[in-house]
Amino acid sequence: MEKNIAVIRGDGIGPEIVEQALRVLDKVAEVFGHTFNYTDVDMGGCAIDKWGDPLPQEMLERCVNSDSVLLGAVGGNKWNDVPGDKRPEKGLLRLRAGMGVYSNNRPAKIWPQLADASPLKKSVVDKGIDFIIVRELIGGIYFGEHKTETVDGKPTAIDVLKYSEDEIERIGRIGFETARKRGKRLCSVEKSNVLDSSRLWKKVMHALAEEYPDVELSDMLVDNCAMQIVKDPSQFDVVVTENMFGDILSDEASMITGSIGMIPSSSLGAGTCGLYEPIHGSAPDIAGMDIANPIGTILSAAMMLRFSFDMPEEADAVENAVSAYLDAGYRTADIMSEGMTQVGCKKCGELIIANIGKE
């Protein structure tokens with residue numbers, strides 16, 4: 001099978017971690033008889049430096065016309081003072097909107113080899129951490145009106161949070177369908193005791209629940225959910241929530257698994273062309289030092305194989321290779337512990353590649 005992949009290396013550690021993921025994909029192609037063609041795309045700070053735009057239209061079209069997109073990370077202190085509409089993160093928002101990927105799926109699963117790396121008590125971790133946060137991605141306050149104006153002689157900032165019934169329903173269906181394939185439990189997270197948008201969210205979710213009688217729906221306020229994720233993460237199977245809440249909760253969920261460097265994500269819309277990226281940032285302070293953890297990006301590539309290319313055997317091979325790497329006691333600096341062998345970014349990629357295709 002032949003697939004065309006748009007590759008956004010991005011900023012900071014982005015080029016390093018993406019390079020290892022591409023090497024893994026090349027090994028998958030060799031072992032399973034596929035062809036993966038890569039097209040480079042400039043986005044983020046590097047695009048600002050080169051084009052004066054965080055995502056030029058030509059680059060967006062390369063992504064839209066691909067079979068899927070693999071992204072490293074964008075942003076950094078270098079671009080903190082550029083105008084708001086030219087910030088690296090604006091390129092990412094424009095990419096999501098342009099691709100129509102409205103559902104971001106972030107697994108929070110602890111690898112058994114890294115149980116001791118979790119900041120939670122052993123008694124909590126031993127109950128299990130294995131849930132998915134389904135986050136609405138192209139609506140809400142991030143895509144609402146943003147302005148700063150003078151009111152009564154003082155600067156006043158305004159950010160608008162808006163959701164339509166249709167936007168809530170389509171992400172709600174993703175939540176229910178995801179729960180149906182897992183443990184059949186869906187927790188809808190909102191702030192309906194304060195926000196009108198959340199009250200509509202809750203109403204739509206309960207209407208949808210009638211179509212999914214096999215899925216148990218529960219409601220939880222976002223502040224309580226933040227507490228429950230660290231108190232007893234085993235209670236969650238699938239969490240569905242709006243854009244900003246999902247952004248915050250998924251970062252919290254990633255840290256209880258031991259390292260943000262291990263967590264992949266997928267962003268999908270109505271078609272199979274998706275956006276795949278690790279959930280961490282560009283970490284410019286360690287860029288070029290060969291110490292970044294590429295596993296989140298490698299596992300994002302595995303998600304691409306599974307969800308966009310319908311290659312479950314190939315995805316399993318990558319995930320099993322990561323597990324074998326961890327079993328052998330290798331660790332990058334972010335997950336290093338006593339008795340393990342520390343390796344750099346490139347060596348991590350090499351060791352994982354060596355496990356692909358083994359019986």
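**Notebook: cavity, sheet and helices**

I began with the largest cavity and found its lining to consist of Leu161, Tyr163, Val189, Glu190, Ser197, Ser198, Trp201, Glu242 and Phe245. I note at the outset that the model is predicted.

I next looked up the volume of this largest cavity, which is about 40 Å³. The count of cavities of 30 Å³ or more came to two. I then asked which element gives the most to the lining of the largest cavity. Helix H7 does, with three residues. Both H7, spanning 196-209, and strand E8 supply at least two residues of that lining.

I turned to the sheet. I recorded an open sheet of ten strands with mixed pairing, in the order E2-E1-E3-E12-E11-E4-E5-E10-E8-E9. Strand E2 (35-40) and strand E9 (216-221) form the edges; each has a single partner strand, so one side of each lacks a neighbour in the sheet. From one strand to the next, the twist averages 25 degrees.

I followed strand E3 in particular. I looked up its pairing with strand E1 (residues 2-10), which is parallel and runs over five bridges. Within that pairing, valine 7 has leucine 70 of E3 as its bridge partner. On the E12 side, E3 (residues 68-73) pairs with residues 275-278, again in the parallel sense, over two bridges. Here valine 69 stands opposite leucine 275, and leucine 70 has tyrosine 276 as its bridge partner.

Is strand E3 enclosed or open? I found six of its six residues buried, so E3 is largely enclosed by the rest of the structure.

For helix H10 (residues 295-307), I checked the span from the first C-alpha to the last. Its 13 residues reach 18 Å, close to the 18 Å expected at 1.5 Å a residue. How many residues of H10 are buried? I counted eleven of the 13, and H10 is thus mostly covered. I listed the buried residues as Ile295, Gly296, Thr297, Ile298, Leu299, Ser300, Ala301, Ala302, Met303, Met304 and Leu305.

Definitions and conventions. Residues are numbered from 1 along each chain as its sequence is written. This is a predicted model: local features need pLDDT of at least 70, side-chain atom pairs count only at pLDDT 80 or more; totals for chains, interfaces and linings use all residues. Side-chain values use heavy atoms; hydrogens and water are left out. Two strands pair if DSSP finds at least two bridges between them. Helices (H or I, at least four residues) and strands (E, at least two) are DSSP runs, numbered from the N terminus. Axes are lines fitted to C-alpha atoms, for helices over the stretch in contact, and angles run from 0 to 180 degrees between N-to-C directions. The expected span of a helix is 1.5 Å times one less than its number of residues. Buried means under 20% relative accessible area, exposed over 50%, partly exposed in between (1.4 Å probe, protein chains only). On a 1 Å grid over the protein atoms alone, a cavity is a set of points where a 1.4 Å probe fits but cannot get out, and a pocket is an open set with protein on both sides within 12 Å along at least five of seven lines; lining residues have an atom within 4 Å of a point. Grid points are joined across faces, edges and corners, and a volume is the space filled by probe spheres set on the points.
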